[in-house]
Amino acid sequence: MKHVLLIFLFLITSYLSMGQNTVTGTVTNSDGDPIPGVNVMIVGTSEGAVTDLDGNYNVSAASDASLRFSFIGYKTLEFPINGRSVVDVTMNDDISSLNEVVVVGYGSQKKADVVGSVVSVEVDDATAIPTTNVAEMLRGRAAGVQVNLGDARPGGNSNIVIRGNVSVAPGGNAPFVVVDGVPFDNLSDIPPDDIASIEILKDAASTAIYGSRASNGVILVTTKKGRSGKSTINYHGYTTTQSVIRNFNQYDGAQFIDLRREANRNRFTGEYLNDENIFSPFEIETIENRQFVDWEDLVLQDATIHSHAVSFSAGTDKTKIFSSLNYFDQEGIIPNSKFERGAFKFNIEQELTDKLILTGILNYQISNQDRETGGLNFTTTSPLARAFDYENELVKFYLGPSNFAVNPLWDQRESVDEAKVNLSDIKLNLTYNILPNLSYSLNTFHRSRNTNRGIYRTSQHSQGDEGINGIGVLSNTLFTQILIENIINFNPDLGEDHLFDVTAVNAFDQQNNEYNQLDKSGFTNDALGYNGNATVLLNNFRNVSQRRLLSYMARVRYSFRDRYFVEATARADGASVFAENNKWGYFPAASVAWKLHNESFMQGISTVNQLKLRVSYGATGNQGINSLESLGRADDLPYIFGGQTVAGATASSRLPNPNLKWETTTTLNTGLDFTLFNNILQGTFEYYKANTTDLLLDRAISGTTGFAVSRFNVGELENEGIEASLTSFLVEKDNIGWTLGLMFSRNQNRVVALTGVLDQFGNEIDINDTGGRRLSVGQSINNIWLPQYDGIYQEGDDIAGSGNPLAQPGDVRVVDQDGNGQIDSRDNVFTNTDPDWYGSITNSIRFKNFELFADIYIVQGATRLNTVLADGELWKGSINGIRTKYYTPEAPSTEYPRPKPDTHLHLFPFAVRDASYIRLRTLTLSYAIPNNAFSKIGLKRGQVYVTGTNLLTFTDFKSYSPEQNPLNGFETAFPETRNITVGLKFGF
Amino acid sequence: MRNFVKNTIMKGHYLLLVALVLFSACEDEFLKDELLSDTSVEFLYSTPEGLESAVVGLYSLNRNLYQDQQLNGTVPLILQAKSDLAVGITGEASLYSRLLWGASLGDFGTASGINAYWVNYYRVVDRCNAIIQGAENLEGINEDRRNQILAEAKAMRANSIFVLYRLFNNIFVNTDPTSPENAFDIPQDKTSEEEIFNLLREDLDFAIANLDYETSEFGRWTQGGVRHLRAMIALWEEDYEEAASQVDSLIVSGSHSLVGTTAEVFAGDLNHSETLFALNFLRETIGGGSPHIMSWNIVSSYAEAPGVLPSIENGGSGAGFLSLNNYMIDLLEEDANDSRRNTYYIFDYLYNDEETLPTGKEIGEPLDLYENSDTDMNQFMLYYRRQNPGVRKFLDETAEPTDRNHFKNIMIYRLAETYLIGAEAHMMLGNTGTALGYINEVRERANTEPIDVLDMQAILDEGARELGFEGQRWYTLKRTGNLYDFLIDHMNNENMNQSYPEGNPKDILQVYMQNWPIPEQQMDLLGPNYPQNEGYN
């Protein structure tokens, strides 16, 4: 309506005569309230005015001139005067608002005043994918935030790495997650529909306030809260169909037979062996009957997701309430896999007195995760099999009566594996505003998560049959967390030019884990599953651990005339997991920022709306190790003497380190935030360098000591990178809009120093850590250390003079680096597995009530070892897998080796493959139902949408996901899916 | 709800108060890391109960290698695969027998299976060191109790060091338990043979003096087992007097005797008079260990043949990765009455399936469809896979015939070997009569004719027949300097040697391979000065 009025006014005034005259008007916001302090400039001059408290202005300008209205937090507007004397203007909120408030550690801040490296995630874009895996929602949403697929199963998680691996400790690279001010151990415990905002803190200046847990960055999530005003009810529901995606073919029956025959061909005479020699009688029968099994087809099914979220919000001046109910139900594409979650949230803010405010958050969740039986493999299982008999009943021994491998479908049918989780959180916060500029806040939080898991393998299951009469595994994990924080905030009034505030925190955090497990067998029958009575106790475990953290923290922020900003933070943390004399760590940080656009010399430069330069430097820590690593722990090793169990124990193969201490990461960060060309282009460039010292290195120890590994503080690791994010509002009109977003991140990880022990050539010796990584000075910690693949030996090659003189044409060739005629670890080279860069391109196009959102995710230069290609059994034709055009004497391949009856040498180097990819992750088309369509039935908002997830992927890496191998150990890794979602949102 | 909120606030305050008190009063206590559900190492090595439980732990550690299921359970069979009595047919075991694995630095078999020996036995040695030091320093413990702990730990230490020495030659022996302070000390050189053998002798002499022949807990070291080991070490040092004297003492003690027939030797749980040391397993029992799949590796895949179903009588579940070669078969067929042919080994897999019985065959007749042709690969591959003789020594008679997971106790040392050691020692000392007496005890029990002329070849042949595939053959050949020659003459079988895709293993075999390569990942950790065994570079 306002717009129509504006255009109307504009049209009328345009008929008035030209010339120098006085122009007046009022500037209001979209609610009709006047905006004071708006800059009104005559375009092309340095003259202008500022609106008064009532939003009025008065300028003298040529009648053919144009006026530009600009104010932080609103979109800059430009209007030609066209001879008018009154130009009233309505300014709209800038969606990329700088006035926006962002959450930072222990408080919030105007986005424009942020001194550290803080990114706000577009929650609506992020939550467009149908999952409970919140980490996946952050993929491609913020520069420097890398997400790696963990487990694609329903209810699975992914791993987030912010600005590279700064630690070598096992749990050392997960960012610290804080939800509504309290630490969360699992990001996916937040129902996506409850999320109001997500901020990611990347540099030491912003994270040092979290001290010892902050070296991997911090993710701050704020959930929705009630607002004063009218009550609202919102609903969001969707349903999704999931189907498998993969980019490789398996061998079908006939191709598999050829592969097996080729593998068993005599290498010297070229003769094929008789089928009787290489196939079992049963396989010969399947060949004769041409009955082959397509396991993937048999096992996988399309599956659905349903999600419903209802929320209610209401508020008065004194009381604000928000409550939500979420239900999520996902079937997996593997039968028996499922995730179901119901979540309830209640959020209240109550002003008790003028000075006391109580905030309470209550979360209660029940979830249920079902898993398929372990060892399900439909990727490499032989197609020469029989899954069903002639009566269409499952066959147990699917490879024939003399082979006792059990039909994967059989074990599926005969197994139950369910985990039930009860989660309850209570957070209470009492804030006492002692003086207008002094407040004290007591923050308390209690979390309890009880995970009950029951596994039952029936008396027909391959693990529970043959006299075992069923196996049951019952386990229970109780996780509890208590957090108490005392927070004091002081912001004295030092006059208009100075802004000053101090925050001090004392915090105590305790986490306890109690784990019980009972393994039972000898069930009287299968009817009750794991709840039944068992006669044999096979094993029992009890594991109890605790970690405590005690902290003191202070932060000072100061700014002068909205131009110069200084911030300093210091935190002291004491953690129980470290050795007796090294409990405490100290983490200081400081940062400065300069808002250039507020300087007088910048006033005339109209292309620059905002320009801010930031520099920060500080230290953060890491305590990502397990408790007890500084203590000597014994493993239980009972033995049997003459049929009787006798208790036994031995020192665990992990040697304790009584001097274990903090890992410290020191980060330098520089950033430039800018908004240009009338707010059309905004973005951030950042450069950082993070050096981690006293690495919590898990180092392999010489076998002669009798120990395998010990953790100790040594060495230095460096991560250096650049990040760019750009958002461009290319078209921004009433009926049409186009926003383009680009995100680019590049991180280089490099070991700077290790133990300092030198080899005979004076180089620092490499270290093998327990994760199988080899750490070497100058190399990334994520690497593959193998000989370099050099193609396939061909007929006529100088085999005798190569690194493998025994090789035959068709074998894998690797580079003999030292030319000594044999291949061993001295020929190994390092290959960095981390991507060279990754990024995303998002397009959001709006036309009338339609909106199209497309999100492209790019990972370049990543490398991964494909474990299926590396499996010697595949090239023997004894298992199925990734189909290739393998070498034969008749058609010699230069890409793939020749099948042979023994395991090929150097298949690992051969299987090192480029894992770069480009993926169209999300494509959403939504339609906002016009308001007038609902007015009669009281609906306020309505939207329908269709979303496609993982629609297109371009990669050379053969798997179900470019981020994962097809197999996880011996079982198929749960495949990623392509999803089609239809959803509906409406509100009263 | 309101009360609940109130209570929680109250609780919060209470915790806060408690926390504040703790902060100021005893921060150290508050941040203390504690073992809440684990046994502490300190308890283990500084109390009598702890030490006794640590001794039990040694037996369990010592067993680990045998239940290692990596590489299709080949690890405990590497010595058998590398002996002159086996033919490698397929699978990982055959990769060791044809020297593609475990015979060079860079191969995967060295990095995995060979490394497993290094790591496992060194681990046992270190835990023995910790127990021995702990027991020696412990005050106020009953002397008998202390000596029992020390004797078992020393027996175990000597056994482990002896294994390491015989396999890896260049070994580093240290009797100080590893601590965080010394774990990264890099040995500058291998330990001299003199030092190694001094320690072995001291440890075993102590154990002999302090252990009884009898134990109520079958599976523990006893004086008999230790004397046997002491005699083996004496032979290695060519101290025939000592070897003969240990054997004589053991035999006259009367505590051990050969069981009546060869059928009884590997029957049941091995808890009989002939066993000197064995590893114990028990299905579905805490402490019973996890299964080994040794039997599956060395029994043929007979059930693939028509007319034969898996049965315990036929040897249970079999894959036939490793088998008896022609040399071994000939040795067993030397005397037609030799009972070992059908008690220790399986020469006849019997038809037992009416449904698939080939025409002209009868139930109960031995499978005889295949022939070990010299040249026709189609013929001999089927023969090896389905019909070649297997070994019954690791067969769990209580297992389901289709289940490869066996919980059979594993024989390590037994009196029949003691007799052969005695025969060799007395022969070297010129006591031919005693020597012949000892070897003929073994021969007569096996229903073979006594011999009246004795030489080294006869002792080696008898050892092959009696102890084949028990893991001692490779050591015996190495000790007597015969390893290379016997392997060149007998390893695998000619038809297999000529059809392995990578070529004939006899072309790969070198004299230096009598010492195993020290795996590269271990060499890396031993520092630049540590000597690798000759030949591997």
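Strand β2 (residues 39-42) of chain A pairs with β5(A) in the antiparallel sense, over four bridges. Strands here are DSSP runs of E, at least two residues long, and helices are runs of H or I, at least four residues long, both numbered from the N terminus; two strands count as paired if DSSP finds at least two bridges between them. What you're looking at is a predicted model, so local features need pLDDT of at least 70 and side-chain atom pairs count only at pLDDT 80 or more, while totals for chains, interfaces and linings use all residues. Residues are numbered from 1 along each chain as its sequence is written, and chains are lettered from A and ligands numbered from 1 in the order in which they are written.

Back to the strands. Ile42(A) has Leu67(A) in β5(A) as its bridge partner. Four bridges also join β5(A) to strand β6 (residues 77-80) of chain A, and these two run antiparallel; here Arg68(A) stands opposite Glu78(A). Now look at the two faces of β5 (residues 66-70) of chain A: Leu67(A) and Phe69(A) make up the covered one, and Ser66(A), Arg68(A) and Ser70(A) the uncovered one.

Chain A also has an open sheet of five strands, ordered β10-β15-β16-β13-β14, with mixed pairing. Its edge strands, β10 (118-121) and β14 (182-184), each pair on one side only. From one strand to the next the twist averages 30 degrees, with axes being lines fitted to C-alpha atoms and angles running from 0 to 180 degrees between N-to-C directions. Within chain A, β13 (residues 176-179) and β14(A) pair in the antiparallel sense over three bridges, and Val177(A) has Phe184(A) as its bridge partner.

Next, the cores. A nonpolar core is a set of buried Ala, Val, Leu, Ile, Met, Phe, Trp, Tyr and Cys residues joined through C-beta atoms within 7 Å, where buried means that 20 or more other C-beta atoms lie within 10 Å of a residue's own, placed from the backbone. The largest has 161 residues, and those with the most contacts inside it include Ile131(B), Ala153(B) and Leu204(B). Helix α8 (residues 108-137) of chain B gives the largest share of this core, 16 residues. Apart from it lies another core, of 83 residues, with Ala214(A) and Leu717(A) among them.

How confident is the prediction? The model scores ipTM 0.91 and pTM 0.80. For chain B, the mean pLDDT (the predictor's confidence in each residue, from 0 to 100) is 91, and 95% of its residues reach 70 or more. Over residues 1-25 of chain B, though, the pLDDT is below 50.

Note on methods. A residue is buried if 20 or more other C-beta atoms lie within 10 Å of its own, exposed if 12 or fewer, and partly exposed in between; C-beta atoms are placed from the backbone. Two residues are in contact if their C-beta atoms, placed from the backbone, lie within 7 Å.
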